[in-house]
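My entries follow in the order in which I looked things up.

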Amino acid sequence: MDPSATPTHCPYCALQCGMTLTPAPDGTVEVGERPDFPVNRGALCGKGRTAPAVLSSRVRLTSPLVRENGVLTPATWDEALGRIAEGLSSIRSAHGPDALGVFGGGGLTNEKAYSLGKFARLVLGTSQIDYNGRFCMSSAAAAGTRAFGLDRGLPFPLEDIPRTGCVILVGSNLAETMPPALRYLTELRDNGGTLIVVDPRRTRSAEQADLHLAPRPGTDLALAAGLLHLVVAEGRTDEEFIRERTSGWEDARAAAMAHWPEYVERMTGVPVPQLREAVRLFCEPEAAMVLTARGPEQQSKGTDTVGAWINLCLATGRAGRPLSGYGCLTGQGNGQGGREHGQKADQLPGYRKLTDPAARRHVAGVWGVDPDSLPGPGRSAYELLDALGGDVRALLLMGSNPVVSAPRAAHVEERLRSLDLLAVCDVVLSETAALADVVLPVTQWAEESGTTTSLEGRVLLRRRAITPPEGVRSDLEVLHELAARLGVEKGFPTDPEEVFEELRRASAGGPADYSGITYRRLAEENGVFWPCPANVEDPAAPVRAPGAAGVAPASGGRRPGAPVGVHPGTPRLFLDRFATEDGLARFVSVAHRAAAEEPDDAYPVVLTTGRVVAQYQSGAQTRRVDELNAAAPGPFVELHPHLARRLGAAEGDPVAVVSRRGRAVAPARITPSIRPDTVFMPFHWPGEGRANTLTNPALDPVSRMPEFKVCAVRVEAVATVKAAVGPESGEALEAGSEPAAATQVSEAATA
Ligand SMILES: Nc1nc2c(c(=O)[nH]1)N[C@H]1C(S)=C(S)[C@@H](COP(=O)(O)OP(=O)(O)OC[C@H]3O[C@@H](n4cnc5c(=O)[nH]c(N)nc54)[C@H](O)[C@@H]3O)O[C@H]1N2
Ligand SMILES: Nc1nc2c(c(=O)[nH]1)N[C@H]1C(S)=C(S)[C@@H](COP(=O)(O)OP(=O)(O)OC[C@H]3O[C@@H](n4cnc5c(=O)[nH]c(N)nc54)[C@H](O)[C@@H]3O)O[C@H]1N2
Ligand code: SF4
Ligand SMILES: [Mo]
């Protein structure tokens, strides 16, 4: 490896591929391979390869901006920070601390997420903090906690996948969303294992499968319960496992038995012989796994749906055993760590509960405050966005672009505009930053150090590789400065390692215990899997951190050469016991229910949404990269040839998709790979093709996840719609409308 190359990790998804960065003489930064990092072994997708393009000051913000006479205008840091601090103070004086909102992101490092949560509760004193992870894997997290007593996306490393017998991949298009990870599925099949993909579309991932089940969106619960019915009917349950390692089977069994194969076929559209074949492939081998992603999770019954898939694993003894188990493929770069350290409405660092008196005492102790001064749980992400301009008057936003990515986005945009103060920290002028009163330009991945926790629960060190441009500051500096201006001089260090040292103490003894992890270790090892408590006496013995019930130790034992007393980290969870009080995994009793919005005469088609390989999330970063725009230039509506024929739409013709919340227009992409009753739109773009103008903010009752994956729409060829379309709810249709004053930015601002 070139000695000037810094080993680090990609800024984007949860795979956190290893890469190196080398500054070139012309000021650009070169990405190199890091074959020593086992997860991707040097492979990168196009987003990772081109990530340095977003470091260029041509596309990013390099000066703070404040709104003057309706226009965002360059300002000094002092003015911009002063404006935010004064705004926050005066709104708090007038309306109380809960009038101040904070919104974070799963892309933020552990250090930033931790500091943001601490800032909200300790400096602002507000309960009103949540983050975009609520839109991501919150249903799987809730279901995992309910069943296993602990949520870590994958309870085993990716390297276990090729060695199991069968994988059911539910609503993940991994071939596009984590391309280097496709290797694990290819190797599985090379080893004689089988792959079942559950997706309403025949995606690139589904093309790899031995069996592709294409249910109607929103019916995964019925599908999973139907498979469990067949498992029972065919006598394929693992009675010993059920008896010794689970509770709640009788009720779950009874609920599943109501899902007769023919009923399930009717609900899901998956033919009975395919259901039987899936059961055979899943049950015949020694070991098997179920992996879910956003397809089944982003539903108003996402938590119960994941619960139904977990039930299937438990009933067949495919959990808490080597090479078997249920896992969720977390999405954002720090989607896992971002949900552990306190930016979620109901959480304290270490994956502790904000309502648990012992957790409050511990964290308040680390922070040096009275536990009673910590506010209680606040609203979930969508509920918080919906409350803006009502009782929440100010919002500090870091690491998300809800104007594009939130459900019912036109309404969210209107709420953001109605705030007394919107302050956004970002690297680029995102669509949300463009609405702000104050924008702060911050450093990003390659310009600062910090840790992330990958989808495997592997804590990683991203290293600073280059010097940031003039004019930008880090998110940690922003929080430090704002805290000081609001009267809290101490407790917000700007050095990430110092923050991490405090995070270690705050997480000690919690479910996500990082206390045994140090920057030094992370620099020497290829990441450390949590839980990793400090001060273990015999690292080979099963370790139970106080409060973290039932966490099995790393199966590999002590790291060679590691000093005695250093915990090796925990690649595999639950092998001895689950993390519940009694050590047993809990079945849930769940039954099929309809989506919040089912098709009817006015809106006869189902819309589902998701991703394409070349764009990332709201596109704030990747839409600024030429190579990625060439590959994925804009939104589209994927529809089946039958539906296209009915509309009279040809490939590339603009089609309008209309829901009760609004209307979006994008070119038709006609393909037999989607169900005829369903259309698909990627959500990466703003403007008239914004998918989230249409989506339904109906929330899951447990996880508060919005129903991004199912809503009812009608689809019309644009030439014929002029007279016909109109929102039934009477809501303003803001898709594509250029908000006159608010998005104006003075020329100098982004130069
Ligand atoms: N290229 C790219 N990669 C990314 C991201 C990105 O934006 N772009 N984002 C990252 C993040 S944060 C995340 S969360 C992950 C998401 O990764 P994935 O979950 O793989 O991505 P999605 O495209 O949202 O959804 C996956 C699949 O769910 C299917 N689906 C839709 N409705 C249903 C349903 O009702 N049931 C089932 N079973 N399937 C359904 C869709 O057809 C789609 O193929 O990707 C990460 N990686
Ligand atoms: N219809 C539909 N909508 C969806 C989904 C879907 O499947 N369908 N998926 C949902 C999911 S899973 C997710 S995760 C969300 C994601 O959607 P968003 O929350 O909008 O995520 P990003 O586009 O990644 O936004 C991150 C923002 O933070 C900025 N940023 C990057 N790094 C930093 C940093 O270090 N500091 C600061 N301050 N800013 C930074 C980026 O420039 C960008 O503007 O979208 C959700 N929305
Ligand atoms: S798969 Fe994810 S982590 Fe890997 S290079 Fe692509 S975006 Fe980056
Ligand atoms: Mo996500």
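Ligand 2. I looked first for polar contacts (pairs of N or O atoms within 3.5 Å), and I found an oxygen atom of ligand 2 at 2.9 Å from a polar backbone atom of Asn 401. Side chains contribute as well: an N or O atom in the side chain of Asp 426 is 2.5 Å from an oxygen atom of ligand 2, and a polar side-chain atom of Lys 112 lies 2.9 Å from an oxygen atom of the ligand. I then looked up the cover, and the protein takes up 96% of the 920 Å² of accessible area that ligand 2 has on its own, an area from the Shrake-Rupley method with a 1.4 Å probe.

I note here that the model is predicted, so that local features need pLDDT of at least 70 and side-chain atom pairs count only at pLDDT 80 or more, while totals for chains, interfaces and linings use all residues. Residues are numbered from 1 along each chain as its sequence is written, chains are lettered from A and ligands numbered from 1 in the order in which they are written, and side-chain values use heavy atoms, with hydrogens and water left out.

Shell of ligand 2. I listed 31 residues around ligand 2 (a heavy atom within 4 Å), with Asn 132, Ser 400, Ser 405, Asp 426 and Ser 618 as the closest. By class, 12 of the shell residues are nonpolar, 14 polar and five charged; in this count Ala, Val, Leu, Ile, Met, Phe, Trp, Tyr, Cys and Pro are nonpolar, Asp, Glu, Lys and Arg charged, and the others, Gly among them, polar. Domain 2 (65-136 + 334-507) and domain 4 (605-725) each give at least three residues to this shell, with bounds from an automatic or database domain assignment.

Ligand 1. I counted 33 residues around ligand 1, of which Asp 199, Asp 220, Arg 611, Gln 615 and Gln 617 come nearest. Here I found backbone atoms facing nitrogen: Val 612 has a polar backbone atom 2.9 Å from a nitrogen atom of ligand 1, and for Val 613 a backbone N or O atom lies 3.0 Å from a nitrogen atom of the ligand. The protein covers 99% of the 910 Å² of accessible area that ligand 1 has on its own. The shell holds 10 nonpolar, 15 polar and eight charged residues, and at least three residues come from each of domain 3 (138-328) and domain 4 (605-725).

Which order do the strands take in the open sheet of three? I read 19-20-21, with antiparallel pairing, where strands are DSSP runs of E with at least two residues, numbered from the N terminus, and two strands pair if DSSP finds at least two bridges between them. Strand 19 (450-453) and strand 21 (528-529) are the edge strands. Four bridges join strand 19 to strand 20 (residues 458-462), and Gly 450 has Arg 462 as its bridge partner.

Backbone details. Most residues other than glycine have a negative phi, and most peptide bonds are trans. I therefore noted the exceptions to this general rule. The peptide bond from Trp 530 to Pro 531 is cis, with omega near -5°, and Pro 531 is found in the loop between strand 21 and strand 22 (585-586).

Terms used:
A polar contact is a pair of N or O atoms within 3.5 Å; within protein, one must be able to donate a hydrogen and the other to accept it, and residues adjacent in sequence count only if both atoms are side-chain atoms.
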